[in-house]
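Let me put it up first and then jot down what I look up.

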Amino acid sequence: MEFYEAVDKRRTIRDFVSEEIPQAVVERIIAAAMKAPTNDHMRDWHFIVIRDKETVAKLLDIIPKGISDEDMEQLLKDWNLNDSEQQSAYRNAVPKQHKMLMDASVVVIPLLKQKTDILHPESISHLNGFASIWCSIENLFLAATAEGYGCNLRIPLGIEDKYAKKVLGFPNEYFMPCFIGIGKPQENAPAIKQKDIDVKERIHLNKW
Ligand SMILES: Cc1cc2nc3c(=O)[nH]c(=O)nc-3n(C[C@H](O)[C@H](O)[C@H](O)COP(=O)(O)O)c2cc1C
């Protein structure tokens with residue numbers, strides 16, 4: 001797939017058919033992730049690839065399986081989500097947080113080595129490792145798209161990351177930025193409309 005086509009086709013997919021992804025494909029996708037730019041040249045990243053459904057179920061046990069209409073409306077208010085397209089995106093995404101990972105063919109947990117307290121950085125450079133792994137996550141998404149698969153991600157809330165560490169047994173010095181689900185998209189899988197943005201209005205030549 002041509003690069004710009006992969007960029008256009010990469011959409012967050014939360015509805016999958018039940019289909020295995022060959023391990024060779026997973027390895028190519030993660031090899032692409034490993035090619036991303038890295039702050040300290042070390043690429044000290046690991047990727048836990050979970051296929052075993054029992055382990056996935058245990059890992060996701062802590063994630064709510066749905067949300068009532070009332071709680072959804074409250075969440076939109078609490079998080080000040082006022083844009084109607086943004087609201088549609090959240091109305092689609094929030095109820096699927098558990099299912100989109102449970103139904104994925106593989107759940108991938110990216111890990112970075114974090115030497116300083118990521119939640120209390122002393123300077124922006126203390127977030128370099130975190131920024132780098134997000135570069136690798138985008139490579140992973142684009143590679144999965146080019147391979148004909150779809151991806152989603154969830155940011156761990158509350159103690160979900162600590163719980164994942166317990167379930168998956170990764171070392172203390174490694175930090176988990178997100179859960180990733182990869183799978184074959186359902187034929188009618190909705191991709192929520194992206195905001196229409198006029199790129200020319202966002203480019204500031206020489207000065208803002
Ligand atoms: C930093 C970051 C955090 C996100 N957190 C979540 C999340 O917790 N759950 C979820 O379902 N999607 C999450 N997403 C996906 C966004 O909802 C999605 O990228 C956005 O709606 C745009 O849609 P698109 O990816 O199809 O272009 C996140 C994306 C990013 C980049």
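My notes below go from the overall fold to the ligand.

**Entry 1: what kind of model.** I'm working with a predicted model here.

**Entry 2: the elements.** I looked up the secondary structure and found nine helices and five strands in the protein. Reading from the N terminus, I get the order α-α-β-α-α-α-α-β-α-β-α-β-β-α. Next I checked the radius of gyration, which is 18 Å; the globule rule gives 17 Å for 208 residues, so I can call the protein as compact as a globular protein of that length.

**Entry 3: extent and packing.** Along its principal axes, the C-alpha trace spans about 50 × 40 × 40 Å. I also looked up burial: 23% of the 208 residues are buried. Then I turned to contacts between residues at least 6 apart in sequence, and 85% of these join residues at least 24 apart.

**Entry 4: around the ligand.** Which residues surround the ligand? I noted Arg11 and Thr12, then Ala89, Ala93 and Gln97, then Asn152, Leu153, Arg154 and Ile155, and finally Ala191, Ile192 and Gln194. Two elements give two or more residues to this shell: helix 5 (84-93) and strand 3 (150-154). Strand 3 gives the most, with three residues.

Key. Residues are numbered from 1 along each chain as its sequence is written. This is a predicted model: local features need pLDDT of at least 70, side-chain atom pairs count only at pLDDT 80 or more; totals for chains, interfaces and linings use all residues. A residue is near a molecule or strand if its C-beta atom, placed from the backbone, lies within 6 Å of it. Helices (H or I, at least four residues) and strands (E, at least two) are DSSP runs, numbered from the N terminus. The radius of gyration is taken over C-alpha atoms; the globule rule is 2.2 Å times the number of residues to the power 0.38. A residue is buried if 20 or more other C-beta atoms lie within 10 Å of its own, exposed if 12 or fewer, and partly exposed in between; C-beta atoms are placed from the backbone. Two residues are in contact if their C-beta atoms, placed from the backbone, lie within 7 Å.
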